[in-house]
Amino acid sequence: SGWTTLSLTRDFKAPDKEPLSKEQLQKFLKATPAIQSDSPEIKAVSERTVGSETNPIKKAELLQSAVFELIDKDVNRNSNTALEVLERKAGDCTEHALLFNALARAAGIPSREVTGLMYTQAPSPQFYWHVWNEIYDGERWISVDPTWDEVFVDAGHLKIANEDTIKIANSFGKIKIEILS
């Protein structure tokens, strides 16, 4: 009858490996004008946070918890660069994801932003646009949400696009989501 049903699961149950080429790895490790992972300030915070940890998922857990604690949740304090986020220590999901990307890349973890919908009960039960991250653990992309302090995000996150597919997401028309249970 014209309905499509999505079954959402946590990503740690995803069995598929996704090998990345050397070029892809370099892309998700490099500094950019917004993701200043090569700046001394970003490197220092990243190094202090991960210490001697070598496991990429454990590093990501340490970094996302640090970002969650550091940034005041404020939708009116927008920043365009990771250094601005670090200085202002405030922002919404985009600032959390931006700073996490820089810190993860400084720690040698391939990282990217993803865009999608996030189900939440407040201010009313519905899906809201949201930005979070994914890290590459050497075998597959793993979701990390520093805004909500989650590694392996819950099924309330509906990924629509990453950095490579955002143009596709922008072409979507109206989406109607009905929550059944």
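Reader: What share of the 181 residues of the protein chain counts as buried?

Author: This is a predicted model: local features need pLDDT of at least 70, side-chain atom pairs count only at pLDDT 80 or more, and totals for chains, interfaces and linings use all residues. Residues are numbered from 1 along each chain as its sequence is written, and side-chain values use heavy atoms, with hydrogens and water left out. Buried means under 20% relative accessible area, exposed means over 50%, and partly exposed lies in between (1.4 Å probe, protein chains only). Of the 181 residues, the buried share is 40%.

Reader: Which pattern does the protein chain follow along the sequence?

Author: Helices (H or I, at least four residues) and strands (E, at least two) are DSSP runs, numbered from the N terminus. The protein chain has six helices and seven strands. Read along the sequence, their pattern is α-α-α-β-α-β-α-β-β-β-β-β-α.

Reader: Among contacts between residues at least 6 apart in sequence, what percentage joins residues at least 24 apart?

Author: Contact means heavy atoms within 4.5 Å. Take the contacts in the protein chain between residues at least 6 apart in sequence; the part joining residues at least 24 apart is 59%.

Reader: How many of the 14 residues of α5 are buried?

Author: Helix α5 covers residues 93-106. The buried ones include Cys93, His96, Phe100 and Arg105. α5 is mostly covered, and of its 14 residues the buried number is 12.

Reader: How far does α5 reach from its first C-alpha to its last?

Author: The expected span of a helix is 1.5 Å times one less than its number of residues. With 14 residues, α5 is expected to span 20 Å. Its reach is close to that value, at 20 Å.

Reader: Is Leu99 buried or exposed?

Author: Leu99 sits in helix α5. It touches residues that include Ile42, Val67, Ala82 and Leu86, leaving aside those up to four places away in sequence. Its relative accessibility is 0%, so Leu99 counts as buried.

Reader: Are α2 and α5 roughly parallel or roughly perpendicular?

Author: Axes are lines fitted to C-alpha atoms, for helices over the stretch in contact, and angles run from 0 to 180 degrees between N-to-C directions. Angles under 35 degrees count as roughly parallel, over 145 as roughly antiparallel, 65 to 115 as roughly perpendicular and the rest as oblique. α2 and α5 pack at about 75°, with axes 8 Å apart. That makes the two helices roughly perpendicular.

Reader: Which residues of α5 make the contact with α2?

Author: From α2 come Ile42, Lys43, Val45 and Ser46. Ala, Val, Leu, Ile, Met, Phe, Trp, Tyr, Cys and Pro count as nonpolar, Asp, Glu, Lys and Arg as charged, and the others, Gly among them, as polar. The contact holds six nonpolar residues, one polar and one charged. From α5 come Leu99, Ala102, Leu103 and Ala106.

Reader: In which hand does α3 pass α5?

Author: Helix α3 (residues 56-70) packs on α5 at about 140°, with axes 10 Å apart. The two helices are therefore oblique. A crossing is left-handed if the near helix is turned anticlockwise from the far one by less than a right angle, and right-handed if clockwise. The crossing of α3 with α5 is right-handed.

Reader: How many nonpolar residues are in the contact of α3 with α5?

Author: Leu63, Val67 and Phe68 are among the α3 residues that meet α5, and His96, Leu99 and Phe100 are among those on the α5 side. Two residues of this contact are polar and no residue is charged, while the nonpolar number is nine.

Reader: Which residues of α3 make the contact with α2?

Author: Helix α2 (residues 40-50) and α3 pack at about 120°, with axes 9 Å apart. The helices are therefore oblique. From α2 come Ser46, Thr49 and Val50, and from α3 come Lys59, Leu62, Leu63 and Ala66.

Reader: What is the relative accessible area of His157?

Author: His157 belongs to strand β7 (residues 157-162). Among the residues touching it, beyond four places in sequence, are Met118, His130, Trp132 and Asp145. His157 is buried, and its relative accessible area is 7%.

Reader: What phi does Asp149 take?

Author: Most residues other than glycine have a negative phi, and most peptide bonds are trans. Asp149 lies in the loop between β5 (141-145) and β6 (150-151). It is partly exposed, with a relative accessible area of 31%. Asp149 is not a glycine, yet its phi is positive, at about 60°.
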